[in-house]
Amino acid sequence: MSTVVGAGSPPPSETFTDERRPSIAVVDDDRGFAGYLRTFLALRGYEGTRTYTRGDEIVAAIRQGEPPDIVLLDVAMPGMDGLQTLKALKAARPELQVIMLSGREQAQTIVEAVRLGAADYVVKPDDPEGLGEIALDAAIKQAIERSRLVNELTDLRQKLSDDQSEAFIGWGDSPAMRSVAVIIEQVADSDVTVLIRGESGVGKELVARAIHQRSTRRNKPFVKVNCAALPAELLESELFGHEKGAFTGAATTRIGKFEQANLGTIFLDEIGEMKPPLQAKLLHVLQDAEFTKLGSNKRITIDVRVVAATNRDLEQMMLRGEFREDLYYRLKVIEAAVPPLRERRDEIGRLTDFFIAKYSQRYNRPVRPLSDELRQQFLGYEWPGNVRELENMIKRFVILQDEQLVTRELTRPRIAPNSAGLTAAPSAADDAQLAPPAFHSPTPPPQPDLQDAAEDAPAPSQPAQPSNQDGRRLADVAREAALGAERTVISATLRQVHWNRRKAAQILGVSYKTLLNKIKETGIERP
């Protein structure tokens, strides 16, 4: 070997943790070149390099003991060659960073190595100028950085899992949540579809994640899709993907959420907001486990567990023709109803302490417990926003360290929940105390009833409407009456929530986009 080993690179401690320097393994049947690599690495601060002469040796070592962070793997070896070894290594440790080394560039081999998961492909250093060493040094540093990022992502996922598990721990002790906890444990190891129901903010996503984390798919993706966040046209592309040129603006091919969630779990939040045409395509996916992207005729087969959630009354939506009955029964194989926080008051204290500890650490604030008086107020409060409202309130308390601010929020007039688990605008007679049933768009009465009513009804006390001299259609009359009723209820709700349109949409049981259209259609203007 004529190459002279250089020593101009800094130690790798700048690109890895200070506690532990990255470990590197060399796999090459050429003992002379393996010795050269040990010297090359030692001069750059990579101590304790392990060497192997056969692919099966490192595969066995990784399966039995502590794996290295980086593997330098020769392509051409007798027995198990480099590509076969790479495939076995990635099967044993998918996150392992493997750099392929070869005496020459071979396009077909490079493509296959990258397809199998190689981090890089480098020609063995053998030039007097040292360009090969520079390329190898850069490849190692990139692999180290990639390994660090993978480790950080794994730690963050574990921390998120720990947080969610800690929040879940007390459910079995809560009478209101015990049935939900039992359902989670019973269905987690099967692949049945689960429909989670409950008010906004009760923790439906937490239930979905708990199901995933206790399932055999726990190490596979958990993909969440909010069906209310996108218009129907974009939601279809979000779920199933599209080919380049499938529609205006589709500049590249896109993989959909179902394909991303393959072998894992997809969580369809706010499923009640999905439009009927898209519901039909979702039903097909649930039945046949396959779909086609927008702009493509190629069928894609998937293996995905579906968990859906809603705060809507799906049964009423079926009667109105807004939700498919066949999809409803496909989703409702197992149903879990999450009760509101006002029915789980025994959890408020534990959740309060959990959120204080969590956000004190996140925002680097001292852990300041709540006073006994404020805790009692928490227990007596109705929590219309449920756990999400409690979490956000604790977050503000941790940051601002002001109990008076929290007390003012608790005593401020709020919209009370009704018995259906939804909220509604207060009536004109009692603007602050009572909440009538959830608003539904009025249905125009049958034409014979309108005719009878027009003939028999007494004269109204309001100013008389213009006579029907121009032959107005009854359908137009009914539409005007419906718009008038909608305008009255929407206006009252907007005033109650100080024109917070997103909150008003939740109260009225419609999407945010629908509410904006209704405001424009009925001519409501902000005072």
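1. Ground rules. This is a predicted model, where local features need pLDDT of at least 70, side-chain atom pairs count only at pLDDT 80 or more, and totals for chains, interfaces and linings use all residues. Residues are numbered from 1 along each chain as its sequence is written, and side-chain values use heavy atoms, with hydrogens and water left out.

2. The whole chain. I see 20 helices and 12 strands in the protein chain; these are DSSP runs numbered from the N terminus (H or I, at least four residues, for helices; E, at least two, for strands). Of its 527 residues, 42% count as buried, meaning under 20% relative accessible area, with exposed being over 50% and partly exposed in between (1.4 Å probe, protein chains only). Take the contacts (heavy atoms within 4.5 Å) between residues at least 6 apart in sequence: 71% of them join residues at least 24 apart.

3. Strand 1 and its neighbours. Strand 1 (residues 24-27) pairs with strand 2 in the parallel sense over 3 bridges, and Val27 sits opposite Tyr52 of strand 2. Strand 3 runs parallel to strand 1 too, joined to it by 4 bridges, with Ala25 opposite Val71. In a regular strand the side chains alternate between the two faces of the sheet. In strand 1, Ile24 and Val26 point one way, Ala25 and Val27 the other, and all are buried.

4. Strand 8. How many of the residues of strand 8 (residues 265-269) are buried? The count is 5 of the 5, so strand 8 is largely enclosed by the rest of the structure. Thr265, Phe267 and Asp269 point one way, while Ile266 and Leu268 point the other. Strand 7 (residues 222-226) pairs with strand 8 in parallel over 5 bridges, and Val223 has Ile266 as its bridge partner. Strand 11 (residues 305-310) also runs parallel to strand 8, through 4 bridges, with Phe267 partnered by Val307.

5. Helices 15 and 16. The axes of helix 15 (residues 386-400) and helix 16 (residues 403-411) come within 9 Å and cross at roughly 155°. That makes the two roughly antiparallel, the label for angles over 145 degrees. The contact uses Met393, Arg396, Phe397 and Leu400 from helix 15, and Glu403, Leu405, Val406, Glu409 and Leu410 from helix 16. By class, that is 6 nonpolar, no polar and 3 charged residues; Ala, Val, Leu, Ile, Met, Phe, Trp, Tyr, Cys and Pro count as nonpolar, Asp, Glu, Lys and Arg as charged, and the others, Gly among them, as polar.

Notes: Axes are lines fitted to C-alpha atoms, for helices over the stretch in contact, and angles run from 0 to 180 degrees between N-to-C directions. Angles under 35 degrees count as roughly parallel, over 145 as roughly antiparallel, 65 to 115 as roughly perpendicular and the rest as oblique. Two strands pair if DSSP finds at least two bridges between them.
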